[in-house]
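Please read this report alongside the sequence and the coordinates.

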Amino acid sequence: MACAGCGTGVDGKPSGCKSNGGCSTGGCNRLNVFDWLSNIPLGDSLAPFDIVEVSFNNGSRKDFFRNVTKQLFDKGEMVTVEGVSGFDVGTVSLTGELVKLQMKKRRAEDTPEVKKILRRSTNDDLQRMNDNKAREKEALIKSRALARNLGLEMKLAEVEIQADGRKATFFYTADDRVDFRELIKVYASEFRAKVEMRQIGARQEAGKVGGIGSCGRELCCSTWLSDFKSVNTTAARYQNLSINQAKLSGQCGRLKCCLNYELDTYLDALKDFPEDADNIETAGGVAHLQKRDIFKSLMWYSYEGSNKQYPLTISRAKEIRLLNKQGIKPDDLKPVEVVTAKPKEADLGYADVVGQISLKSLEKTAQKRKQKDKDKQKQQRGEQKPQSQGQPKNDQPKGGQKPDNRQQQPERRSRQENRPQQQQRQQSQGGQPRQVREQQPRPEQQARPDQGPREPREPREPRQQGPKQPAQGQGPKQDKRPPRHHHKKPGQQSKNGNPEKGA
């Protein structure tokens, strides 16, 4: 099994073993085995075991090879071994006395037919292996397409190509038997290699693909679990788990392997519970067993037609069952009181400083924002005060509505007082009086009945120049006219041509 402390650090290296990128007994790969005998020296009379365990494809497959060269190989070294009609390159995963235990566990025998280790891998071997391994993904996609074209009900999980490229192993899953005789011919002509089809189960497929389980850790089948035992729903019933297929199934679609991990402990604890106490009789009726709580050693009963449950100790359930066998019905179950409230934790005197933590950068930005809001409010107040003091409300009518004459009477009076002075100035400068000009409305004013009144223009000072000589064929040219206001005098014509009433 891999090291328990092989957590990934910030730089991507394992932080548990502190060996800068690899376990002290080998690389962290799938189905890695920790060699706990690596630092224990052997006696002088004992020779090291001559069989070495070698892993291929990052721990996906393992096999045993005999070390005929008598070289000392460390865990994690790349070696070249015998293959099918060629050679293969793998990683030494285990050496020494632990190999005997692994062979016994996997039921492998020490026979002369065990393949041999040829040499340590050279640069040419590694280069050739990398070139062939790079073809595996493309071969997997192409092999799935070929199998689909032949209409075979099978799912290809992985393709493993030998280091020299002379053999290709296809791992597949299928519910029924598959006749892939024609498929092998197509694969052999397509990949130019010897084809081997190997059927695996759904659990082995999940181990090859890998993933994260519901517990948050990497899948057991892809890290350390090598043998898969059958899992039944009875394991969930013994552990008082709800039979929910979605929660009890793993990523392979089968029941989770971890349901068997604690099953033996539950079976040992259930030995103390009576087996024939499913139904007990009392004076109040027949009580039926609902569940067993092995952690608190309680048995929960309930009467027919009632949802209330009564917890009984194991000794009390055995006592009532013994009385029932004698034909005696006790008056009461005498349930125990179950305390569900958690004990209060002692106050250690720590202060809650979460609300006291403050960041200066955030405080500065908040102060700047508040100051900007205050400045905007001051500017708005300063703009509103001059408008309320010097300008009347509703000075610009909207939508062509008539302005309120009552609000603008003071302004009209001031204009009427200044009109005689303006007329005298115009007469002294040679212009026509205002009354004569205003009595002749312009054609532009009569041509725009649908538009609203124009905005008032600022008054301009009259020119101080003398009267100009009119040109031939033209009348005397008037001087610059004074500003026109949208508020007409009484008797003056409006834009529609009708006289407007005064205020």
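The sections below go from the whole chain to single residues.

## Basis and overall make-up

This is a predicted model, in which local features need pLDDT of at least 70 and side-chain atom pairs count only at pLDDT 80 or more, while totals for chains, interfaces and linings use all residues. Residues are numbered from 1 along each chain as its sequence is written, and side-chain values use heavy atoms, with hydrogens and water left out.

The secondary structure of the protein chain consists of 13 helices and 12 strands; helices (H or I, at least four residues) and strands (E, at least two) are DSSP runs numbered from the N terminus. The protein chain has 503 residues, of which 29% count as buried. Buried means under 20% relative accessible area, exposed over 50%, and partly exposed in between, with a 1.4 Å probe and protein chains only. A contact is a pair with heavy atoms within 4.5 Å. Among contacts in the protein chain with a separation of 6 or more, 58% come from residues 24 or more positions apart.

## Helix H1

Helix H1 spans residues 98–105, and its buried residues are Leu 98, Val 99, Gln 102 and Met 103. These cover an arc of only 140° around the axis, so they sit on the same side of H1. The arc is taken over the directions from the helix axis to the C-beta atoms. Leu 101, Lys 104 and Lys 105 are exposed on the other side of H1.

The cover over the buried residues of H1 includes strand S1 (51–56), strand S2 (61–66) and strand S4 (86–94). Just after H1, Arg 107 has a positive phi of about 60°.

## Helix H2

In helix H2 (residues 123–133), Asp 125, Met 129 and Asn 132 are the buried residues. Their arc around the axis is only 70°, which puts them on the same side of H2. The exposed residues Asn 123 and Asp 124 are on the face of H2 turned away from its buried side. Packing against the buried residues of H2 are strand S3 (78–83), S4, strand S5 (117–120), H3 and S6.

## Nonpolar cores

In soluble globular proteins, nonpolar side chains tend to be buried together. A nonpolar core is here a set of buried Ala, Val, Leu, Ile, Met, Phe, Trp, Tyr and Cys residues joined through side-chain atoms within 4.5 Å. The largest such core has 20 residues, and those touching the most other members are Met 154, Leu 156, Phe 170, Tyr 172, Leu 183, Tyr 187 and Met 197. At least two residues of this core come from each of helix H3 (136–149), strand S6 (155–161), S7, helix H4 (181–191) and strand S8 (194–199). H3 gives the most, with 4 residues.

Leaving aside residues up to four places away in sequence, Phe 170 touches Ser 143, Leu 156, Glu 158, Val 159, Tyr 187, Phe 191, Val 195, Glu 196, Met 197 and Arg 198.

## Cavity

How many cavities of 30 Å³ or more are there? The count is 1. On a 1 Å grid over the protein atoms alone, a cavity is a set of points where a 1.4 Å probe fits but cannot get out, and lining residues have an atom within 4 Å of a point. Grid points are joined across faces, edges and corners, and a volume is the space filled by probe spheres set on the points.

The largest cavity holds about 40 Å³ of space. Its lining consists of Arg 135, Ala 139, Ile 161, Lys 167, Ala 168, Phe 170, Phe 191 and Ala 193. Strand S7 (residues 167–173) supplies the largest share of this lining, 3 residues. By class, the lining has 6 nonpolar, no polar and 2 charged residues. Ala, Val, Leu, Ile, Met, Phe, Trp, Tyr, Cys and Pro count as nonpolar, Asp, Glu, Lys and Arg as charged, and the others, Gly among them, as polar.

## Single residues

Lys 70 lies in the loop between S2 and S3. Its phi is near 60°, a positive value in a residue other than glycine, and Lys 70 is exposed, with a relative accessible area of 64%. Ser 85, in the loop between S3 and S4, also is not a glycine and has a positive phi of about 60°. Ser 85 counts as exposed because its relative accessibility is 55%.

Ser 55 belongs to strand S1 and is buried, with a relative accessible area of 4%. The C-alpha atoms of Ser 55 and Ser 93 are separated by 5.9 Å, although the two residues are 38 residues apart along the chain. Asn 324 is in helix H9 (residues 314–325) and counts as buried at 15% relative accessibility. Not counting residues up to four places away in sequence, Asn 324 touches Ile 280, Glu 281, Lys 329 and Pro 330.

Conventions
1 Å grid on protein atoms, 1.4 Å probe; cavity = no way out; pocket = protein on both sides within 12 Å on 5 of 7 lines; lining within 4 Å.
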